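Reader: I would like to learn how to read the local features of a model like this one. Please take me through them one at a time.

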Amino acid sequence: MRKKSAQDAIISLKNINKSFPLELGGEQQVLFDINFTVKSGEFVAIMGPSGSGKSTCMNIIGALDTPSSGVYELYGRDVTGLTPDELATVRNEHIAKTQCAGQCDVAIDVPRIANGRTRASGARNAETRGVRKF
């Protein structure tokens, strides 16, 4: 196994689409071919007007929902087709959620391995900083 570098993607979304079924039939597409990568050490803000799909995108990144199509990779692992139980494990091991007041919707803190710390200890440290695991 090769050593991880600072250039490795932590989060990678490739051609992500999300649609929701409509009550009277058909569907409403809310995300259209979303593509972006977040690498180690980068800070990213997802911004846009109300109704633009920010929360839907964050729910996919936070492993709370799955895309209708496309590929979502977390630490190089494709998590697109995981079962609900497998997604719960991903959330437990890799993701902490924080709520912001005002204009911030949600932020995802993805703990990383650094100086021998495990992801679990990173999540515990996040809790002490006011970030709670979900």
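Predicted model: local features only at pLDDT ≥ 70, side-chain atom pairs only at ≥ 80, totals over all residues.

Reader: Where does Glu42 lie, and what is its relative accessible area?

Author: Elements are DSSP runs numbered from the N terminus: helices are H or I with at least four residues, strands E with at least two. Glu42 falls between such runs, in the loop joining β2 and α1. For accessibility, buried means under 20% relative accessible area, exposed over 50%, and partly exposed in between, with a 1.4 Å probe and protein chains only. Glu42, at 42%, is therefore partly exposed.

Reader: Which residue is 9.5 Å from Glu42 in space, C-alpha to C-alpha?

Author: That residue is Ile10, which is 32 residues away from Glu42 in sequence. Gly41 also sits in the loop between β2 and α1, and its C-alpha is 9.4 Å from that of Ile10, across 31 residues of sequence. Gly41 has a relative accessible area of 57%, so this glycine is exposed.

Reader: What is the order of the elements in the protein chain?

Author: Starting at the N terminus, the order is β-β-α-β-β-α-β-β-α-β, with three helices and seven strands. Of the 134 residues, 31% are buried.

Reader: How many residues of α1 are buried?

Author: Six of its eight residues are buried, so α1 is largely enclosed by the rest of the structure. They are Lys54, Thr56, Cys57, Met58, Ile60 and Ile61. After α1 comes Ala63, which has a positive phi near 60 degrees.

Reader: Lys54 is a lysine; is it buried or exposed?

Author: Lys54 belongs to α1, which spans residues 54–61, and its relative accessible area is 17%, so it counts as buried. A polar atom of the Lys54 side chain lies 3.0 Å from the backbone oxygen of Gly48. A contact means heavy atoms within 4.5 Å. Setting aside neighbours within four places in sequence, Lys54 is in contact with Ile46, Met47, Gly48 and Pro49.

Reader: How should I read contacts over the protein chain, and what share comes from residues 24 or more positions apart?

Author: Among contacts with a separation of 6 or more, residues 24 or more positions apart account for 54%. In β1, Ser19 touches Glu27, Gln28, Gln29 and Ser68, leaving out residues up to four places away in sequence. Ser19 has 13% relative accessibility, so it counts as buried. Pro21 lies in β1, residues 9–21, yet at 68% it counts as exposed. With the sequence neighbours up to four places away left out, Pro21 touches Gly26 and Glu27.

Reader: Which residues line the second largest cavity?

Author: The lining consists of Ile60, Ala63, Asp65, Thr66, Pro67, Tyr72, Val79, Thr80 and Leu87. By class, six are nonpolar, two polar and one charged; Ala, Val, Leu, Ile, Met, Phe, Trp, Tyr, Cys and Pro count as nonpolar, Asp, Glu, Lys and Arg as charged, and the others, Gly among them, as polar. A cavity is a set of points, on a 1 Å grid over the protein atoms alone, where a 1.4 Å probe fits but cannot get out; lining residues have an atom within 4 Å of a point. Grid points are joined across faces, edges and corners, and the volume is the space filled by probe spheres set on the points. The second largest cavity holds about 30 Å³, and the structure has two cavities of 30 Å³ or more.

Methods:
Residues numbered from 1 in each chain as written. Heavy atoms only, no water. Polar contact = N/O pair within 3.5 Å; in protein donor to acceptor, adjacent residues only side chain to side chain. 1 Å grid on protein atoms, 1.4 Å probe; cavity = no way out; pocket = protein on both sides within 12 Å on 5 of 7 lines; lining within 4 Å.
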